[in-house]
Amino acid sequence: GPIIIIFYTVASHVFAPVAGTPGIVVAFAAYGLLKGWVLIYIASLISAIANFYIARLLGRRWVVKFAGSDSIKNIDRFVEIMGERLLIIARLFGSPLYEFVSYAAGFTNLKFKKYFVITALLSPIPGILYSVFIYNSLLSPLRMALFYAVMIVSGFLFSLYTLKQYVKSKSERSKTLYK
């Protein structure tokens, strides 16, 4: 059971069209909050490593195969502004674009060790909060609605920050061109 949950969750992070929520719900329903969270955390770390190295070693063509041709546009935007600070913000907010950020980091010159430490240390913070919401929402539709509202708001805030960084990088690039 745990291996299937880990495998499914990794697949949902590597192959963008696969929805990850069913794996999370099954993990909590079958194993409870603590063990379910540990399984999802392990799977998330494995997928973060896989996505980073797919981008770093195999390149764009393979990322398009795994994430989809529509997704590469989002990944390219992250690559333009990716840095340690964006990675920290993305992992702290528990970005719903977890896999896109991981692929983008693989396309940059960010060292794997720094990427992994940030991912391993900061991802659990929103992961624990979301896990408690999901686990509790299994018992209440109202809590499930609250969970999705929190996900939407955090995704919106992360998107605003990303957009701000993207506009800032475009502005700095255009200033450099006209000097």
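Biologist: What does the secondary structure of the chain come to?
Modeller: The chain has nine helices and zero strands, where helices are DSSP runs of H or I with at least four residues, strands are E runs of at least two, and numbering starts at the N terminus. This is a predicted model, so local features need pLDDT of at least 70 and side-chain atom pairs count only at pLDDT 80 or more, while totals for chains, interfaces and linings use all residues. Residues are numbered from 1 along each chain as its sequence is written, and side-chain values use heavy atoms, with hydrogens and water left out.

Biologist: Thanks! How much of the chain is buried?
Modeller: Buried residues (under 20% relative accessible area with a 1.4 Å probe, protein chains only; over 50% is exposed and in between is partly exposed) make up 41% of the 179 residues.

Biologist: And which residues have the most contacts inside the largest nonpolar core?
Modeller: Those are V63, I75, Y103 and Y115, in a core of 35 residues. A nonpolar core here is a set of buried Ala, Val, Leu, Ile, Met, Phe, Trp, Tyr and Cys residues joined through side-chain atoms within 4.5 Å.

Biologist: Which element gives the most to this core?
Modeller: That would be α2, with eleven residues. Other elements giving two or more residues include α1 (2-14), α3 (60-67) and α7 (112-122).

Biologist: What is Y103 in contact with?
Modeller: Leaving aside neighbours within four places in sequence, Y103 is in contact (heavy atoms within 4.5 Å) with V14, N51, I54, A55, V63, F66, A67 and I75.

Biologist: New topic: how do the axes of α2 and α6 cross?
Modeller: The axes of α2 (residues 21-58) and α6 (residues 98-107) come within 7 Å and cross at roughly 40°. Therefore the two helices are oblique to each other, given that angles under 35 degrees count as roughly parallel, over 145 as roughly antiparallel, 65 to 115 as roughly perpendicular and the rest as oblique.

Biologist: Which residues make that contact?
Modeller: From α2 they include S44, L45, N51 and F52, and from α6 they include Y98, S102, Y103 and F107. By class, the contact has nine nonpolar, five polar and two charged residues.

Biologist: Is S44 buried or exposed?
Modeller: S44 is buried, with a relative accessible area of 11%. Not counting residues up to four places away in sequence, S44 touches H13 and Y98.

How values were computed:
Axes are lines fitted to C-alpha atoms, for helices over the stretch in contact, and angles run from 0 to 180 degrees between N-to-C directions. Ala, Val, Leu, Ile, Met, Phe, Trp, Tyr, Cys and Pro count as nonpolar, Asp, Glu, Lys and Arg as charged, and the others, Gly among them, as polar.
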